[in-house]
Amino acid sequence: MDQAVLTLLIMVATAVMLLLELIPPAATAFLCALSLTLSGILTPQDAFKDFANINIILFGAMFVIGHAVFSVGIATDLGNLIKKYADNEKKLVLAILLVAGSLSAFLSNTSTSAIFLPLIIGLAAGSGYSKSKLLYTMMVAVGMGGSITFLGGPGWLFAKAQIEASKPGTLVSMFEIAKVTLPLFIISVIYMLIIGYKLIPNRQSDEEQEFKEEKATEIPAWHKKFVAVITLLTVLGMLFSAQININAAIIAVIGALALVLSGVIKENEAYRVISWKTLFLFGGILPLSTALEQTGAGEMIANFVLKIMGGTTNPFIITAVCMIVPCVLSQFLSNTTCMAIFTPLGISIAHKIGADPTAVIMAISIGACLAITTPIGQPGNAMIYGPSGLKFADYAKPGVPLTAILLVVSIFLIPIVWPFFG
């Protein structure tokens, strides 16, 4: 069987198994990587190299820091403090949506998620509100807020570069994308406040029970001060990682290591609080992206997109097709990967139908950024998977209706903001 076709079959089978959860999702991810290896599509090195992905290192380190913030009582104190001002659940949800969303517009989505993870856990502990609901709310805020500028993630910068490459001499403003994505973010905030928050299941994770046991332990006074300082320095370092030229994951590792070496967190405790199922899920799925590129399966999908269009010049139909295909795929691949695969193909699509490449690339990129219905599409989605206690299918309950709304609005707005023809 052709390797590209086999890759697509593995992708579909993996998606179905993840949705049904007949076996643990992390085991499904491993089966995906093993299938790609045993079928000869990827070498063992390529299939498992993503377990050294820098995002996985960041996830692990932030789980340790987040546990420390919780176990010494800082998280609870923070939750109680904010509860004084956000004196009801709706105000707290609005604050998370606006603050996390605004920050992610100018920072990496991954870094923003890592910064907010321990803070949200603390807010939930101090307020008594659902941790799973607040973490999913944060995930949506970061995912959609990160699309307001081209600074929200590497995929957006790649899309910007493709637009500029398609039009030599053209410079695209960092805020160009906001013409459509800012309205999408506002709609997301309203949706989460009125509808979405109610649809998120209230789950309790395994980690939550462990944290409760830690609270009963006597904590030395200096531990709280030390954890506060390390957490603050870690957050500041991640905020200014570009300026100090140190990767955010390295900064997080330094912070986690300081907690272990100081004795605030025991070595075995650090291993225990890491959500391994999150790391295994993320690392096991990433090789699928490599396979799509190497086998040409991604190009097959692009050709399929052209076939669906059938030579139409209706800008709304073109927008719908260019958005829906990467939108669906980005639920099971990283949105960055989808942008990397589809935006170069978008230029070819634009040339074949005689359209402005900007419009096609924007449609593809915005479609790919609507990755909020599974734990896979964005690093922030995966990061909350273990701590929130949410199941794979739980992401879809609030995520699918929101994605449908944002797709409809985008299909209407994109051809108006960036005309395809003329």
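**Salt bridges and a pocket**

A search of the whole structure finds five salt bridges. Keep in mind that this is a predicted model. I'll take some of the bridges, then turn to a pocket.

A quick reminder first. Side chains of opposite charge can pair when their charged atoms come close.

Start with Asp46 and Lys49. Their side chains form a salt bridge, at 3.8 Å from N to O. Is Asp46 buried or partly exposed? Its relative accessibility is 21%, so Asp46 counts as partly exposed. The cut-off for buried is under 20%. Lys49 has a relative accessible area of 44%, so Lys49 is partly exposed too.

Next, Lys160 and Glu164. These side chains also meet in a salt bridge, 2.7 Å from N to O. Where do the two residues sit? Both are in helix H9, which covers residues 154-166. They are four residues apart there, so about one helical turn separates them. Lys160 and Glu164 are both buried.

Now Arg203 and Asp394. In this salt bridge the closest N and O atoms are 2.8 Å apart. Which parts of the chain does the pair tie together? Arg203 is in the loop between helix H10 (178-199) and helix H11 (206-215). Asp394 is in the loop between helix H23 (385-388) and helix H24 (396-417). So the pair ties together parts that are 191 residues apart in sequence.

Look at accessibility for this pair. Arg203 is partly exposed, at 27% relative accessibility. Asp394 is buried, with a relative accessible area of 2%. There is a third partner here. Lys397 joins Arg203 and Asp394 in a network of salt bridges.

On to the pocket. Rolling a probe the size of a water molecule over the atoms shows where empty space is left.

I'll show you the second largest pocket. Its volume is about 330 Å³. The lining has 15 residues. Which of them lie nearest the centre? They are Gly60, Ala61, Val64, Ala256 and Ile274.

Which elements give two or more residues to this lining? There are helix H4 (54-71), helix H14 (248-261), helix H15 (267-273) and helix H16 (276-285). H4 gives the largest share, with five residues.

To recap. Lys160 and Glu164 pair up within H9. Arg203, Asp394 and Lys397 make a network. And H4 gives five residues to the lining of the second largest pocket.

Notes
Residues are numbered from 1 along each chain as its sequence is written. This is a predicted model: local features need pLDDT of at least 70, side-chain atom pairs count only at pLDDT 80 or more; totals for chains, interfaces and linings use all residues. Side-chain values use heavy atoms; hydrogens and water are left out. On a 1 Å grid over the protein atoms alone, a cavity is a set of points where a 1.4 Å probe fits but cannot get out, and a pocket is an open set with protein on both sides within 12 Å along at least five of seven lines; lining residues have an atom within 4 Å of a point. Grid points are joined across faces, edges and corners, and a volume is the space filled by probe spheres set on the points. A salt bridge is a side-chain nitrogen of Lys or Arg within 4 Å of a carboxyl oxygen of Asp or Glu. Buried means under 20% relative accessible area, exposed over 50%, partly exposed in between (1.4 Å probe, protein chains only).
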